[in-house]
Each structure stands twice: as C-alpha cells, then as structure tokens.
Amino acid sequence: MDLVKSNKKKKKTPEEILQDLEENGLELTPEGLGPWSHSKLKMLKNCPLQFYLQYILKRPPESEREISLITEVGKAAHRILEFSLGGKSIADSYKLTRKEFQDTISDQDWEENIVAVEFNIIKFNQKIAEFEKQYGVKRILQELRIGCNKDWEASGFFADDVYFRGVIDLVIQLENNDIIIVDHKYGTTAAAGLRNFQDQLNTYKVLFHHGINSVEGAQSGIHHIREGEVVLDNYSEKTDIEGNLVNLIELSIDGAIEGVKDLGKFKHKAGNSCKYCDYRVECKAGRLKEVEESSKKWFEIKKE
C-alpha cells in the first residue's frame, strides 16, 4: 500500500525559472512562495537572501558544498537506525551503512563517532521493542515523506498542489490511534530540551494527521543519538492538532512573509545560520549585494 503519493514534478532549469519570474512576477503570498517545509520557513525567517537564492532563483552557489563531518556522521547514524528498526541486525546495519559512507567518513572518524554510539543505538532499539510488548502497536513507519495541500488534505510530496511537506524519521502508531513521533539528531544535547525543535515537531503532528490518517492524539520528541537520550513533548489531542497547531503554522508563514515585506527586499541577515550557508563565501566577499538590491523590484514602494 502506498502511504504517500509521489506525483513528482518536472524540475525547471534556472533559465526557465528566471523567464517565469520576468513574465509573471513574484507573488509574495503563502501560496506564491510555497511549497513550505519547516526548514524552508525557518530559512525565510533567518535569512531572506538565502531563501531568495535557494528557493526562488534556485541559483547554485559559486563554490561546491563542503562535506561536513557532523552532517555525514548524523546521516550514517540515521541510516543504521533505519536498518536496525527495519529488522536487520545491528552488525548488518553497521556493515551496510559503512559501505554507503566509505567515501565520506574516514576509518578513524567512523570509530570515534559511529562505533562509539553503538551501545546507544542498541539501547534505543531495545526501548522500541519493550514499548511494542507493553502497548498495542499498530505499525512502525520510517522516513515518511508527507505532503498536504492548502486545505490540509493529503497530497503528493512533489504534487502540483502541495502546500506544506516534511520527512519524518520515525512514527509509532498505536492500536488506540495515538502516535509517537521521533526525530533522530546526532549533534544535540538532551539538556537543551525541545525549545529549538518544538516548531518542527508540531509540523510533523499536523502532517501525519492530515497527510497519512487521522489520529486521536500525538506526542513527539527528539532522540539524541550521541547521548542515548529521548526527550518527549506534551501530548497533543486531535482538536489541538487540527486547531492550534495548524494555526501556528499558518501564522508563522504569514509572519515571515510580512517580515520580509517590511524589509522591502530579500535582505541578508547575519546570524548563527551563516556558518551553515552554502552562499557564505560569496556573501562574505560582498558579491551578493547586487542580487539583494535587485530583489526590491518584487516589493511595492510604501508611501509615508
């Protein structure tokens, strides 16, 4: 059974994108700047210029993206969990994952970062197995790609009408139709709690409820792989998911767009996200000023 529709759209070339912009303009609305995801919305808030380059112009950065060790290590840990929760042994999960990442993670880094968390991965698998024995688990789903349209109805991840989408690492669906959502993260600390992740987790509750099937309630949390800890948020009832959490997403999108309109252009904002930005080299050198200023043409001139 297909849980998520695909309906992948044909990707436009940068030239076709620019031509469309010149002919049709840029609609500064939730629909016009969509489809949305938590990460895309966060980018618009953090740095409108990066959003403009990556999601509107779809302009490739001047320099190739550097392969980050922490990113590759995180991906590898995710993959091991995916294999092992899918039924493979820990040994086979490690073996298959090592083969996938042999070109991007050295033997030393593999030992120091991936082999070092083997006990934590085993412990997490045991927790899931114990949970299945204690509670009525209907199914366990991994790497779910979910899309919803503007009316918060199920849509394909790449469908023409997709409005908001996301990929969920792990969902445990219970027989009573509650769900537990878990997002695996490698380089985070449990002591920080969920303050940096709650918005992301809330979107997952909404996406599953509207994009897969209706639930009675949901609880979500972060699995801090390196520490072997899981931190969960408060239980959200169905009415809260359909009401408050959907409204929070809509208000957040509207607020982010209005914030950019107030700036009058897709302006660069310096912050912690700069060190992860693919455009940081050319931005720091001042080579994106012209692009930033040219984005003013999509905004109305406000009268005093």
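Which hand does the crossing have where α5 passes α7?

Tutor: Right-handed: that is how α5 passes α7. First, the ground rules. This is a predicted model, where local features need pLDDT of at least 70 and side-chain atom pairs pLDDT 80 or more, while totals for chains, interfaces and linings use all residues. Residues are numbered from 1 along each chain as its sequence is written, and side-chain values use heavy atoms, without hydrogens or water.

Now the geometry. Helix α7 spans residues 107-114, and its axis lies 11 Å from that of α5, at an angle of about 60°. Helices are DSSP runs of H or I, at least four residues, and strands are runs of E, at least two, numbered from the N terminus. Axes are lines fitted to C-alpha atoms, for helices over the stretch in contact, with angles from 0 to 180 degrees between N-to-C directions. From α5, the residues L69, V73, A76, A77 and I80 meet D109, W110, N113 and I114 of α7. Contact here is heavy atoms within 4.5 Å. The set divides into 7 nonpolar, 1 polar and 1 charged. Nonpolar covers Ala, Val, Leu, Ile, Met, Phe, Trp, Tyr, Cys and Pro; charged covers Asp, Glu, Lys and Arg; the others, Gly among them, are polar.

Stay on α5. Its axis and that of α8 (residues 118-134) come within 11 Å and cross at roughly 40°. The two helices are therefore oblique to each other. Under 35 degrees would be roughly parallel, over 145 roughly antiparallel and 65 to 115 roughly perpendicular; the rest is oblique. This crossing of α5 and α8 is right-handed. Here I80, L81, S84 and L85 of α5 touch I121, F124, N125 and I128 of α8. By class, that contact has 6 nonpolar, 2 polar and no charged residues.

Move back along the chain. The axes of α3 and α4 come within 5 Å and cross at roughly 135°. That makes α3 oblique to α4. In α3, S39, K40, M43, L44 and N46 meet P48, Q50, F51, Q54 and Y55 of α4. These residues are 5 nonpolar, 4 polar and 1 charged.

F51 also has an aromatic partner. The ring centres of W36 and F51 are 5.9 Å apart and the planes lie at 25°, so the pair is stacked. Rings of Phe, Tyr and Trp (its six-membered ring) pair if their centres lie within 6.5 Å; planes under 30 degrees apart are stacked, over 60 edge-to-face, and the rest tilted. W36 sits in the loop between α2 and α3, 15 residues from F51 in helix α4. Both W36 and F51 are buried, where buried means under 20% relative accessible area, exposed over 50% and partly exposed in between (1.4 Å probe, protein chains only). Y52 stacks on F266, because their ring centres are 4.7 Å apart and their planes lie at 15°. That pair spans 214 residues, from helix α4 to the loop between α10 (238-263) and α11 (280-284). Y52 and F266 are both buried. One aromatic cluster takes in W36, F51, Y52, Y55, F266 and F299.

Last, the backbone. G34 and P35 are joined by a cis peptide bond, with omega about 0°. P35 falls in the loop between α2 (30-33) and α3 (38-46). K58, in the loop between α4 (48-56) and α5 (69-85), has a positive phi of about 50° without being a glycine.

Note on methods
Left-handed = near helix turned anticlockwise from the far one by under 90°.
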